[in-house]
Amino acid sequence: MSLWEYREAMQKGHALGKKGSNEVVLAQLIHQQRQIADESRVLTKAESRSRKRRDISFGQGKTHRLNPARASA
């Protein structure tokens with residue numbers, strides 16, 4: 001458990017009305033937060049893959065954008 005996870009769990013515990021630093025409650029809150037982060041990571045990867053597939057299927061592939069500063073020079 002990192003310090004920021006501990007602090008975040010303490011803040012969330014206080015927001016939920018839980019007082020003190022009960023180790024079991026803190027462990028549950030940290031576990032929930034890690035699950036949320038893991039799920040977000042998976043969804044982000046899936047969305048990224050989906051976007052890449054759409055780009056390739058429409059023949060776009062990688063696009064190179066001009067730097068606006070260079071384009072006007």
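Glutamate 47 counts as partly exposed, at 36% relative accessibility, where buried means under 20% relative accessible area, exposed over 50% and partly exposed in between, with a 1.4 Å probe and protein chains only. The side chain of glutamate 47 meets that of arginine 51 in a salt bridge, at 3.7 Å from N to O, a salt bridge being a side-chain nitrogen of Lys or Arg within 4 Å of a carboxyl oxygen of Asp or Glu. This is a predicted model, in which local features need pLDDT of at least 70 and side-chain atom pairs count only at pLDDT 80 or more, while totals for chains, interfaces and linings use all residues. Residues are numbered from 1 along each chain as its sequence is written, and side-chain values use heavy atoms, with hydrogens and water left out.

**Overall architecture**

- The protein has three helices and zero strands, and along the sequence these follow the pattern α-α-α; helices (H or I, at least four residues) and strands (E, at least two) are DSSP runs, numbered from the N terminus.
- Of the 73 residues in the protein, 11% are buried.
- The protein exposes about 6700 Å², of which carbon and sulfur atoms supply 54%; accessible areas come from the Shrake-Rupley method with a 1.4 Å probe, and for residues only the protein chains shown count as cover.

**Salt bridges**

- Side chains of opposite charge can pair when their charged atoms come close.
- The count of salt bridges in the model comes to four.
- Glutamate 5 forms a salt bridge with arginine 34, with the closest N and O atoms 2.8 Å apart. This pair links distant parts of the chain, since glutamate 5 belongs to helix α1 (residues 3-15) and arginine 34 to helix α2 (residues 23-57), 29 residues apart.
- Within that pair, glutamate 5 is buried, with a relative accessible area of 13%, whereas arginine 34 is partly exposed, with a relative accessible area of 40%.
- Aspartate 38 forms a salt bridge with arginine 41, and here the closest N and O atoms are 2.8 Å apart. Because they are three residues apart in helix α2, aspartate 38 and arginine 41 are separated by about one helical turn.
- Aspartate 38 counts as partly exposed at 41% relative accessibility, and arginine 41 counts as partly exposed at 47%.
- Glutamate 47 and arginine 51 both lie in helix α2, four residues apart, which is about one turn of the helix; arginine 51 counts as partly exposed, at 43% relative accessibility.
- Salt bridges link Glu47, Arg51 and Arg54 in a network.

**Nonpolar core**

- In soluble globular proteins, nonpolar side chains tend to be buried together.
- The largest nonpolar core has six residues, namely Ala9, Met10, Val25, Leu26, Leu29 and Ile30, a core being a set of buried Ala, Val, Leu, Ile, Met, Phe, Trp, Tyr and Cys residues joined through side-chain atoms within 4.5 Å. The elements giving two or more residues to this core are α1 and α2, and α2 provides the largest share, four residues.

**Surface patches**

- Lys45, Arg49, Lys52 and Arg53 gather in a patch of positive charge on the surface. Patches are made of residues with over 30% relative accessible area and no salt bridge, like charges being joined within 9 Å and nonpolar side chains (Val, Leu, Ile, Met, Phe, Trp, Tyr) within 5 Å.
- For these charges, Lys and Arg count as positive and Asp and Glu as negative, while His and the chain ends are not counted; the place of a charge is taken as NZ of Lys, CZ of Arg, CG of Asp or CD of Glu.
- Lysine 45 has its place in helix α2 and is partly exposed, with a relative accessible area of 49%.
- Met1, Leu3 and Tyr6 form a nonpolar patch on the surface, with about 330 Å² of accessible area together.
- Methionine 1 is found in the segment before α1 and is exposed, with a relative accessible area of 65%.
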